Amino acid sequence: MFLYDTESKTKREFQPSNPENVTMYVCGPTVYSYAHIGNARPAVVFDILARVLRTQFKGVTYARNITDIDDNINAAAAKAGVGIDVISERFTQAYHADLEALGVLPTDVEPKVTDHIDEIHQMIESLIVQGYAYAAKGHVLFSVESYKDYGALSKRDPEELLAGARVDVAAYKRSAGDFVLWKPSGEDQPGWDSPWGRGRPGWHIECSAMSAKHLGETIDIHGGGHDLVFPHHENERAQSACAHGVQYVRFWLHNGFVNVNHEKMSKSIGNVLLVKDLLKQARGEAIRYVLMAAHYRAPLDWSDDVLQQAESSLDRLYGALRQLGNVEIKRTTDAERDALIPAGFKNAMLDDLNTPMALAELFSLSKQANTATDIEHKRSLKASMLACGSWLGILQQDPEHWFQGVTHANDVDASKIEQMIESRNTAKASKDWSVADRIRGELTAMGVVLEDSAQGTKWKLDR
RNA sequence: GGCUGGAUGGCAGAGUGGUUAUGCAGCGGCCUGCAAAGCCGUGUACACCGGUUCGACUCCGGUUCCAGCCUCCA
């Protein structure tokens, strides 16, 4: 498979350094508030990548961290008058609930920073001993000048970077670009004892320490949002490469931003879209669909209609599956299921995760399914659609549930609907169209849409 | 100012040096008691100006506009 690597700025063929096991680390959330759609995008993108990797390689270890010590968390805890663990626990649970609604599978490892203070200490110590870091006034800083390759990931010239620093440079820094590995905590702030005094870790060191512990010193894939390229990933790269003396990451992957109505989503503009709120407008699968309808590296523009369009698109796919409801397919092993993936779909997915093109292939399958007459052909099309869906993390629910499942907005009584349909069908049988249409009108008013066919009458909720 | 990446039909969004992306919405038709679903058909789309080429939306140069990063940020 081919993946675009930010560092080399090219699409390269991906092979894990250990063919037995792919290692992937993705920057997870800082848990001080609810997840917004911009947090959801990398979660979904790398969930799809993990699903695909698992079909292509023997083993995959996927880690996504939880940052549970951070000044934003401290502020939220202080404001609420509770400990930081209360805040981080609350929003970790909320994050998990949101991701589950989006069909994101749990990762293999989900390290938390506060469980890795020892590893962080050891890594900082190693950097100091090797001359890459220095202690100053209760801080420990990474010396950017000590690492000649600094800036290679984000394509920044360290000289210009330092000259262009637009914030006041703290007096204890040897160089303006130096960044904090460890910083002192006041009496009222959370902190841990350390050789450099009581304090807490800087922002970047956590990912370096945790990825090394759980995935090894060199990892195959490191992912995150595009805004993390600098400074977060540049700094992580510097720390890890210097501490371990080996290449840190073989493929750097970054997803594009979600804009809202062509504007950056930000608190100051007040257009932050929380996943939990979007879930009131549409089902999680539709939100997931929107996130895969654009290529993962491209910016994605969120607007009022995208969710409705996604629901309609999924209606088409589930409609094809519903129509094949009685078509039995064999239970398949993983290997058999991969053989059901059409070449066009597979090639698109293995070419840097081209999900829009893969979806086009899926729509082509649905069209074939809608026109197929041969039962064996139908079987194979249904199996293929479901297999493709499993790569993308969609189409895995019962079509009837997709069309009839209750949402916040609809509270319907399925048995009552079935009764009304039966009455209408009795009227239809005696060609009493006025009664039949009156009943259908009542159902329409309830938000129920009917579909008559030779196989009987089906219904769905009008979303 | 420096560094990235964009600009495709009403909307979303791929891709390619010469052939229909795809989906949503619209329009016409088939089917249907009527609908719905499905099927068939349908739309001067590729920011602007030059250049290369037999031929460019696709390559090169420039212009305009948009977004991101430049130590809070998915």
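Helices (H or I, at least four residues) and strands (E, at least two) are taken here as DSSP runs, numbered from the N terminus. The model is a predicted one, in which local features need pLDDT of at least 70 and side-chain atom pairs count only at pLDDT 80 or more, while totals for chains, interfaces and linings use all residues. Residues are numbered from 1 along each chain as its sequence is written, chains are lettered from A and ligands numbered from 1 in the order in which they are written, and side-chain values use heavy atoms, with hydrogens and water left out.

Helix α13 (residues 355–371) gives the most to the surface near RNA strand B, contributing seven residues, where a residue is near a strand if one of its heavy atoms lies within 4 Å of it. Of the 53 residues around RNA strand B, those that come nearest are Trp203, Gly225, Lys264, Ser313 and Arg440. By class, this surface near RNA strand B has 19 nonpolar, 16 polar and 18 charged residues; Ala, Val, Leu, Ile, Met, Phe, Trp, Tyr, Cys and Pro count as nonpolar, Asp, Glu, Lys and Arg as charged, and the others, Gly among them, as polar.

Within the protein, four strands form an open sheet in the order β4-β3-β9-β10, with parallel pairing; two strands pair if DSSP finds at least two bridges between them. Strands β4 (60–64) and β10 (249–255) stand at the edges, each with a single partner strand, so one side of each is left without a neighbour in the sheet. Strand β9 (residues 219–225) is joined to β10 by six bridges, and isoleucine 221 has phenylalanine 251 as its bridge partner in β10.

Strand β5 (residues 133–136) and strand β6 (residues 139–142) pair in the antiparallel sense over four bridges, and alanine 136 stands opposite histidine 139 in β6. The hairpin of β5 and β6 has two residues between the strands, and in this hairpin lysine 137 takes a positive phi near 55°.
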